[in-house]
Every structure is written in C-alpha cells, then in structure tokens.
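Hello,

As promised, I am passing on the structure we talked about. Please have a look at it first, and then read on for my notes.

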Amino acid sequence: LLNYQTMVTDLTGLPIANASLLDEATAVAEAMNLFFHVCNKDAGNATKPKFFVDNCTFNQTKNVVVTRALPLNIEVVFGDYQTAAIDETYFGAFIQYPNSKGSIEDYQSFISAVHNVNAYVVMATDLMALTVLTSPGELNVDVACGNAQRFGVPMGFGGPHAAFFATKDEFKRSIP
C-alpha cells in the first residue's frame with residue numbers, strides 16, 4: 001500500500017493519498033461530499049449548494065455523483081467548463097482529464113475561476129496518462145482521483161478497482 005500511495009502522490013503531484021476507494025466514480029463523489037461539508041458548515045442550511053460537472057465526464061461518474069448528491073440536497077449542474085458561470089453559490093467543480101472524448105484540455109483558467117469564488121476542484125484522471133501529462137498538482141486542483149485498473153488490476157464485476165484519492169495538505173484530516 002505504501003508503494004501504491006507513493007506512486008499516486010508522485011504522479012498526481014499532490015502530497016497526500018489514500019489506499020483505496022472502490023472506483024473512480026465513488027472517489028469523485030467522496031470529493032464532492034468533502035467539499036460540500038468544508039464549504040457548508042451547516043449542511044441543512046447550505047449557502048453554497050451547487051456542484052458543477054463538466055459534460056465530458058464518464059456516464060458512470062455522472063450517475064454516482066447525482067445519486068450521492070440527492071440525500072444532501074446538492075444541486076448538480078452539468079455544463080461545458082469553457083462557458084460555465086461559476087459563482088459564489090458553487091462549492092465545487094469536477095473535470096475529467098483526459099475527458100470522456102479522449103481530449104486533453106487546458107483547465108487552468110477554469111480552475112482559477114473556481115478558486116476565485118472560494119470553491120474547490122476535483123479532477124478524475126488516469127494514472128498511466130499522468131506519466132506524460134501535467135500533473136493535477138501542477139494544475140492546482142484540490143483533489144485528484146481515479147482508479148488503477150490500467151495497471152493490471154483485474155475487473156471485478158463492479159469493483160474493487162483500487163481507486164485513488166490524492167489531495168492537498170489542507171484536507172488531510174478529512175480524506176475518505
């Protein structure tokens with residue numbers, strides 16, 4: 001597990017990693033939950049109830065996020081990250097890197113826009129792709145997650161897939 005966590009921190013460029021969650025979609029939902037509770041101290045009276053999800057996200061991730069958002073009364077807003085109007089009502093945003101079309105997008109201005117309204121960014125990514133792409137840490141995301149299935153973890157008819165969740169130091173007491 002230490003080797004796994006070390007690999008995840010090295011490839012994501014983030015200092016803290018867990019070992020491990022069920023799958024990528026679950027890890028994204030955990031990040032959403034973390035951000036919601038950090039930004040809304042009174043979850044029953046949330047002042048920042050919205051979570052943005054880019055359209056070019058894997059369908060299974062969209063479905064898990066919507067399912068996990070429902071009992072918390074989180075409003076999941078789908079859209080194009082390039083035209084999204086992120087304001088003070090958002091507590092977080094989710095982007096896929098590479099996205100569901102296989103495209104490698106430059107998310108830096110979007111990440112800055114989300115941070116400018118005191119919200120957080122979670123990025124689902126592929127560990128193998130991070131061997132050649134700019135790391136999520138360098139892009140200044142707050143949480144990077146994904147799964148290690150591409151490293152030879154066999155499919156298990158729904159999991160587990162050795163998902164990872166890497167984050168900045170500020171969340172070290174809150175990671176799942």
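The protein has five helices and seven strands; helices (H or I, at least four residues) and strands (E, at least two) are DSSP runs, numbered from the N terminus. Please keep in mind that this is a predicted model, in which local features need pLDDT of at least 70 and side-chain atom pairs count only at pLDDT 80 or more, while totals for chains, interfaces and linings use all residues. Residues are numbered from 1 along each chain as its sequence is written, and side-chain values use heavy atoms, with hydrogens and water left out.

**Overall build**

Starting at the N terminus, the order of elements is α-β-α-β-α-β-β-α-β-α-β-β. The radius of gyration is 15 Å, close to the 16 Å that the globule rule gives for 176 residues, so the protein is as compact as a globular protein of that length. (That radius is taken over C-alpha atoms, and the rule is 2.2 Å times the number of residues to the power 0.38.) Along the principal axes, the C-alpha atoms fill a box of roughly 40 × 30 × 30 Å.

Of the 176 residues, 49% are buried. Here buried means under 20% relative accessible area, exposed means over 50%, and partly exposed is in between (1.4 Å probe, protein chains only). Among the contacts (heavy atoms within 4.5 Å) with a separation of 6 or more, 69% are between residues 24 or more positions apart.

**The sheet and what packs on it**

The seven strands make an open sheet with mixed pairing, in the order β1-β7-β6-β5-β4-β2-β3. At its edges stand β1 (16-17) and β3 (75-79); each has a single partner strand, so one side of each is left without a neighbour in the sheet. Two strands count as paired if DSSP finds at least two bridges between them.

Which residues of α3 are buried? They are T61, K62, V65 and A69. Seen down the helix axis, the buried residues of α3 fall within an arc of 100°, so they line one face of the helix; the arc is that of the directions from the axis to the C-beta atoms. N59, N63 and T67, on the other side of α3, are exposed. The cover over the buried residues of α3 includes α2, β2, β3 and β4.

In helix α1 (residues 2-12), the buried residues are Y4, V8, T9, L11 and T12. Their cover includes β1, α5, β6 and β7. After α1 comes G13, which has a positive phi near 75°.

**A few spots in the loops**

F58 sits in the loop between β2 (50-54) and α3 (59-69). With a relative accessible area of 30%, F58 is partly exposed. Leaving aside residues up to four places away in sequence, F58 touches E24, Q96, N99 and S100.

Most residues other than glycine have a negative phi, and most peptide bonds are trans. The peptide bond from Y97 to P98 is cis, with omega near -10°, and P98 belongs to the loop between β4 and α4. N73, in the loop between α3 and β3, has a positive phi of about 60° although it is not a glycine; N73 counts as exposed, at 64% relative accessibility. N140 has a positive phi too, near 75°. This residue lies in the loop between α5 (136-139) and β6, and at 37% relative accessibility N140 counts as partly exposed.

Enjoy exploring it!

Best wishes
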